[in-house]
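Hi,

Here is the structure I said I would pass on. Have a look at it first, and my notes follow below.

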Amino acid sequence: MRLSRIIMALTVGLAVVAVPTAAGAAQPQPAPTVTDTPQPPPYAPQPASLTVNRPTINLGETVVLTGRNFGPNETVDIVVSVTPLAAPAANQPRRSDGSTVAMAPVAYQASAPLSFTAYTNSRGRFTKSYKPHVTGLLTFTATGRESDRTASTELRVLDRPQPPLPVTGASLGTPMKIGGGMVGAGAVLLLLTLAWRSRGRFGMGSAR
């Protein structure tokens, strides 16, 4: 009996000692540390752009501004600065001798930059019609209020086509000179004719 009790006590003791060891072995081990690998750079959005459908117009015509790659559904502020232009050389009137008539530069017609707003769609795009009321080189600068993206474009606005200039003294000079010469030549011929007739009459009187 004593031997069996001793064996049982030893068995129970070994079982009690083995339980914590098995419990520790069953716990999950922390994952090994993995060295951080370089991540690809985030996607870079395309820069904002602003274009105009016609680079040069005459005063009174309308253009269409198109903005792309701004923030979705945001307000875009557009500022217009104006620089005066001289009259284009191709439209300068000419005299009859081929010389050009000097034209004064177009007056500066805007004391401060103009401004207006546009609104983008879900893709960050907008279109805006614009009718200039001044001539010159117009620079449009668009800035998104939320995205802070900006873009610019230029437009040349010329004055309305002018009607043909009236004939000036320089243009009349050549025709008047030609006409005066013809009148003088006619007067000389008339005098010669009268002299010839008078001579013929005197000749006939002498013969009688």
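**What I found**

Some housekeeping. This is a predicted model, with pLDDT of at least 70 needed for local features and 80 or more for side-chain atom pairs, while totals for chains, interfaces and linings use all residues. Numbering runs from 1 along each chain as its sequence is written, and side-chain values use heavy atoms, with hydrogens and water left out.

Now the overall picture. There are two helices and eight strands, taken as DSSP runs numbered from the N terminus (helices: H or I, at least four residues; strands: E, at least two). Along the sequence the order is α-β-β-β-β-β-β-β-β-α. Of the 208 residues, 19% are buried, meaning under 20% relative accessible area with a 1.4 Å probe and protein chains only (exposed is over 50%, partly exposed in between). The accessible surface is about 15,800 Å², and carbon and sulfur atoms account for 62% of it; that area is from the Shrake-Rupley method with a 1.4 Å probe.

Five strands make an open, mixed sheet in the order 2-8-7-4-5, with pairing taken to need at least two DSSP bridges between two strands. Strand 2 (56-58) and strand 5 (114-119) sit at the edges with a single partner strand each, so one side of each has no neighbour in the sheet. On average, neighbouring strands here are turned by 30° against each other, direction ignored; the axes are lines fitted to C-alpha atoms. Strands 7 (residues 136-144) and 8 (residues 150-158) run antiparallel and share eight bridges, and Thr143 has Thr150 of strand 8 as its bridge partner.

Take a look at Tyr119 in strand 5 too. Tyr119 counts as exposed because its relative accessibility is 57%. Beyond its neighbours within four places in sequence, Tyr119 touches Glu74, Thr75, Arg125 and Phe126. Its C-alpha atom is 8.9 Å from that of Asp77, which is 42 residues away along the chain.

Strand 3 (residues 63-68) pairs with strand 6 over five bridges, and Val63 lies opposite Tyr130 in strand 6.

Cheers

Key:
Axes fitted to C-alpha atoms, helices over the stretch in contact; angles between N-to-C directions. Contact = heavy atoms within 4.5 Å.
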